[in-house]
Amino acid sequence: MQIYSYSRRMGTGENRNVPERKLRQNGSALRDFRCKAGVKRSALAKQVGISYSALANIENEHRDVSVEVLNRLANALTVNLRSVLRDPPSASELDQLAYDDACERAS
């Protein structure tokens with residue numbers, strides 16, 4: 001399940017696309033962190049501003065989720081965002097994704 005995708009342009013005199021990078025949440029890791037924290041699904045959903053069913057679908061990997069929501073979930077569970085991603089990108093790639101996500105929402 002894709003949570004965000006992007007392609008970036010390379011400088012150095014020519015503009016060529018870099019292959020698109022797909023990010024996926026690790027729903028079972030989210031569920032494990034939530035259960036270890038002793039937090040009910042309904043309480044976590046309310047805390048991060050999503051519905052109970054949306055959180056269930058995220059944990060079961062049946063729903064796409066934005067970087068912003070995934071970051072709010074990670075923060076609420078006091079875990080690193082990279083720990084709830086499958087094949088996590090580098091820290092600089094995550095920073096760029098968060099920036100791109102914010103720009104897209106603003107436009």
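Me: This is a predicted model. Which residues of α2 meet which residues of α4?

Reply: On the α2 side they are Leu 44, Gln 47 and Val 48. On the α4 side they are Arg 72, Leu 73 and Ala 76. By class, the residues of this contact are four nonpolar, one polar and one charged.

Me: What makes Asn 60 count as partly exposed?

Reply: Its relative accessibility is 38%. Buried means under 20% and exposed means over 50%. The value lies in between, so Asn 60 is partly exposed. Asn 60 is in the loop between α3 (52-59) and α4. Its C-alpha atom is 7.2 Å from that of Ser 28, 32 residues apart along the chain.

Me: Which residues touch the most other members of the largest nonpolar core?

Reply: Leu 30, Ile 50, Ile 58, Leu 70, Leu 73 and Val 84, out of 19 residues. Two or more core residues come from each of α2, α3 and α4. The largest share, five residues, is from α4.

Me: What does Val 84 contact beyond its neighbours within four places in sequence?

Reply: Its contacts there include Leu 30, Phe 33, Leu 70 and Ala 74. Arg 24, Gln 25, Asn 26 and Val 79 are also among them.

Key: Residues are numbered from 1 along each chain as its sequence is written. This is a predicted model: local features need pLDDT of at least 70, side-chain atom pairs count only at pLDDT 80 or more; totals for chains, interfaces and linings use all residues. Side-chain values use heavy atoms; hydrogens and water are left out. Contact means heavy atoms within 4.5 Å. Helices (H or I, at least four residues) and strands (E, at least two) are DSSP runs, numbered from the N terminus. Ala, Val, Leu, Ile, Met, Phe, Trp, Tyr, Cys and Pro count as nonpolar, Asp, Glu, Lys and Arg as charged, and the others, Gly among them, as polar. Buried means under 20% relative accessible area, exposed over 50%, partly exposed in between (1.4 Å probe, protein chains only). A nonpolar core is a set of buried Ala, Val, Leu, Ile, Met, Phe, Trp, Tyr and Cys residues joined through side-chain atoms within 4.5 Å.
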